[in-house]
Amino acid sequence: MTDLEAMARVRVSSGCAVERLVCHPRLPLVAGLDGERPAVHVWSCEAGQLRELGSVGAETEGYGDVFGWERIELTPALAWHPDEPRLIVAGGECGVVQWTPAGLSAVDGVPPTADYRSLAFSPDGRTLWASPSSGDAWDSSDVVDLASGTVSSGPPWDTGVARHPGGRLVVTLASDQGATHGLFARVDPGAGTSAMRLLRRALILDVDGYETPLFSADGRHFAIRGNAYENTLEVFAFPSLQRVLATTLGRPSPGYPYPQEWLDQMRAWSRHNLAFGARPGVLWVGTPTGALVEVDIEAPRAVEHDVLVGSPVSALAATATGALVLASDGGELMLVSVRSDPEETRAADDIDASTTAASAVSEFLDATSEVPDGGDLEEHLVLTNGDRTWNADDLATVHTATAEDPTWLQLRAAINKACDART
């Protein structure tokens, strides 16, 4: 049994809903994207209290009636430094800037032509990964050495970067309309460069429109929210990459043309409504009714907790200490403590999360190899959707697919069949 207790509740200074929350990985700090304008707010969540510390772009013009991809292009990207109270924000009228408790400043080394849509720090904090590239656009990414200000080229990615808690490994997404690749990359500390070294084992997700993957504290599970056409939630075991949970939040897509009622319920579900807490194997999901659903992945079971009764959860995140921070559609921010059943707490304490996470990474790395420099991903990736696995030769010989197969596999079969008919 888990009890939730509200420790603090404040109104957002702009009075608007926060549509995404990003907690600092170590410090009691949380950043939130303003839902009405290209702005980012920063709060302290120390000692059970919430206190707004500053903002970036608070005076910018609102989004107005802009929606869809135009709105996405205006929405700022943000990334916390892994150790320092430093937040980098890109997009909007501010360009690329960094927030610290001392105020706002420029980021040395960022090219003046940069129009970054996604940001991430390398695990050692010395490098900024940014996408798309300031030179080759979506064909590559920028690797900015923050000490020297030099910029080099990195692999293409487009949807955030999640660091595995076991170290040495990150995962990001490379999206296309037909399919999205979940790319794992080795990051070796002390190697003199913080570039991502892409690995052959990878996920393949149907269509596009997913959010940044989210790892559990012990690294044994990760969740992915998406996609462009449905409110899907998938959870995968790590390092096996086996899919252990797949569900649709709300009603499944009825197909095009979409009824207005279905579009309304799609919008009611936040795209940033997931958080893994401190207890391994427990995923929290925010809902349009204001409830938090506690999902025990291994049980499996789900328990609903009424937190923001009548006010939809617009964003959810977990602090470094395991507390939950959630935003309401009514423009409030709440800090919630999570108290588990004593027996469950003791069981969790018996598990060394850091050792478990490190072992999982070692096992994953031992079972794969790096993609050669300059290698074609389609030739080298070994893909899984959590149920089946394909390598390049497998995909080259696919000629039939059923309506139950993912869209990307149906397209691949049709293309292969058409190509064979020409020869």
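Predicted model: local features only at pLDDT ≥ 70, side-chain atom pairs only at ≥ 80, totals over all residues.

Trainee: What makes S24 and S25 a pair?

Mentor: Two strands pair if there are at least two bridges between them. S24 and S25, which covers residues 301-306, have six bridges in the antiparallel sense, so they count as paired. Within this pairing, the bridge partner of Val 293 is Glu 304 in S25.

Trainee: Which strand pairs with S24 over five bridges?

Mentor: That is strand S23, residues 282-286, which pairs with S24 in the antiparallel sense, and Val 282 stands opposite Asp 296 there. S23 and S24 also form a hairpin with four residues between them, and Gly 290 in the turn has a positive phi of about 95°.

Trainee: What makes the largest nonpolar core a core?

Mentor: Its members must be buried residues of the nonpolar kinds, joined through side-chain atoms within 4.5 Å. The largest such set has 24 residues, of which Trp 129, Val 161, Val 170, Met 196 and Trp 408 touch the most other members. Strands S15 (169-175), S16 (179-186) and S17 (197-206) and helix H7 (407-422) give two or more residues each to this core. A second, separate core of 20 residues includes Ala 162, Leu 199, Phe 236 and Val 361.

Trainee: Which residues does Val 161 touch?

Mentor: Leaving aside residues up to four places away in sequence, Val 161 touches Ala 120, Trp 129, Val 170, Val 171, Thr 172, Met 196 and Thr 212.

Trainee: How do you know that a residue such as His 181 belongs to the lining of the second largest pocket?

Mentor: A lining residue has an atom within 4 Å of a point of the pocket, and His 181 is among the 25 residues that line this one, so the term applies. Asp 176, Ala 179, His 181, Glu 378 and Arg 412 lie nearest its centre. The lining divides into 15 nonpolar, five polar and five charged residues, and about 600 Å³ of space lies in the pocket.

Definitions and conventions:
Residues numbered from 1 in each chain as written. Heavy atoms only, no water. Buried < 20%, exposed > 50% of the residue type's maximum accessible area, 1.4 Å probe, protein only. Contact = heavy atoms within 4.5 Å. 1 Å grid on protein atoms, 1.4 Å probe; cavity = no way out; pocket = protein on both sides within 12 Å on 5 of 7 lines; lining within 4 Å. Points joined across faces, edges and corners; volume = space filled by probe spheres on them. Nonpolar A, V, L, I, M, F, W, Y, C, P; charged D, E, K, R; others polar.
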